[in-house]
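Let's take a walk through a protein model together. Have the sequence and the 3D view ready, and follow along.

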Amino acid sequence: MSIPSPNQRISSFRNGYSSVYTYPFTLGFNPPIDPVILDFCRFFTICLAQIGPLVWRTVACLRYLSSKANVNFTFSHLIHLYHPNLIRHGVFTLTARSKKVLVNPEDDRDRGWYIRYVAVRTVDLIGETNIPFPEKWNFEPTMGDVEPIPNFRGWVDSLLKIATREQRTWKSISSLHGWKVKTHGFGIRGMTAEVAMAIRMSANAALDLDKARALLPKRNATKEGSEEEEEAVSVSLPALTTSVCLPISTAPIFVPLATSTAPASAPVLRQVLAAEI
């Protein structure tokens with residue numbers, strides 16, 4: 001594992017390596033990368049760095065709930081529940097297709113994730129069985145075909161039965177598993193954006209915690225919540241279809257779902273959640 005040099009960005013390409021934000025790898029997921037995340041990358045032909053924090057949290061919550069309900073959970077389930085959007089020139093986030101969401105993945109402690117990233121050998125990160133795997137940053141991902149899910153309403157019902165609304169939140173589920181991050185991978189108090197940039201001054205330098213400690217400011221650690229987010233512009237992917245692959249536009253796009261061809265997952269989800277007490 002190495003920290004990129006100052007002239008390298010998260011989107012920089014190096015054959016055999018994957019640049020990843022440290023945020024999801026400090027939460028303690030087991031396995032570290034859910035199969036749905038890998039399928040997400042393959043479907044859109046994107047690298048792991050393009051999976052935003054909210055996607056990681058959503059997948060983790062749905063994995064836990066589906067395991068508890070003893071039902072399957074796939075990439076198709078995720079896309080039937082959430083509409084993919086782009087921020088920060090290609091990072092994916094999700095928007096619920098229903099006003100009443102199945103899980104609430106929001107977390108007010110994920111600020112600053114975009115300044116902390118490292119480069120890791122792809123094979124070490126995902127294993128030989130998943131090679132080949134996308135390593136290049138895809139600036140123009142497209143929405144393709146997503147398989148319909150038989151008895152999707154029954155699948156949603158099974159999750160509603162085993163957890164209350166409060167129990168279907170990131171706050172509740174992460175507390176149950178101890179999924180918590182403050183330093184985003186630099187397990188040292190006081191690690192700030194300035195320190196992270198200082199460590200990058202040496203090209204291809206290996207991650208060195210002793211060096212990090214030496215660079216720490218002699219002041220109290222700043223709270224993660226005090227970091228200011230950079231302004232980000234959200235771009236919507238085309239609405240889900242089962243027969244058309246559409247390119248991303250520079251402005252939000254809405255394509256009505258065709259009654260005869262598109263999955264009716266969103267209307268069904270609204271009906272199911274509306275009946276929830």
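## Ground rules

A residue counts as buried when its relative accessible area is under 20%, as exposed when that value is over 50%, and as partly exposed in between, using a 1.4 Å probe and protein chains only. This is a predicted model, where local features need pLDDT of at least 70, side-chain atom pairs count only at pLDDT 80 or more, and totals for chains, interfaces and linings use all residues. Residues are numbered from 1 along each chain as its sequence is written, and side-chain values use heavy atoms, with hydrogens and water left out.

## The big picture

The protein has 9 helices and 7 strands. Helices (H or I, at least four residues) and strands (E, at least two) are DSSP runs, numbered from the N terminus. Of the 277 residues, 49% count as buried.

Contact here means heavy atoms within 4.5 Å. Take the contacts between residues at least 6 apart in sequence: 78% of them join residues at least 24 apart.

Strand β2 (residues 17–21) pairs with β5 in the antiparallel sense, over 5 bridges; two strands pair if DSSP finds at least two bridges between them. Strand β5 (residues 117–121) has 4 of its 5 residues buried, so it is largely enclosed by the rest of the structure.

Now zoom in on S18, which lies in strand β2. Is S18 buried or exposed? It's buried, with a relative accessible area of 1%. Leaving aside neighbours within four places in sequence, S18 is in contact with residues including V118, A119, V120 and T122. The side chains of S18 and T122 are also joined by a polar contact of 2.8 Å (a pair of N or O atoms within 3.5 Å; within protein, one must be able to donate a hydrogen and the other to accept it, and residues adjacent in sequence count only if both atoms are side-chain atoms).

Most residues other than glycine have a negative phi, and most peptide bonds are trans. R88 has a positive phi of about 50° although it is not a glycine, and H89 has a positive phi too, near 60°. R88 counts as buried at 16% relative accessibility, whereas H89 is exposed at 70%.

There are cis peptide bonds to look for as well. One runs from N30 to P31, with omega near 0°, and P31 is in the loop between β2 and α1 (35–44). Another joins I131 and P132, with omega about 5°; P132 lies in the loop between α4 (122–126) and α5 (152–162).
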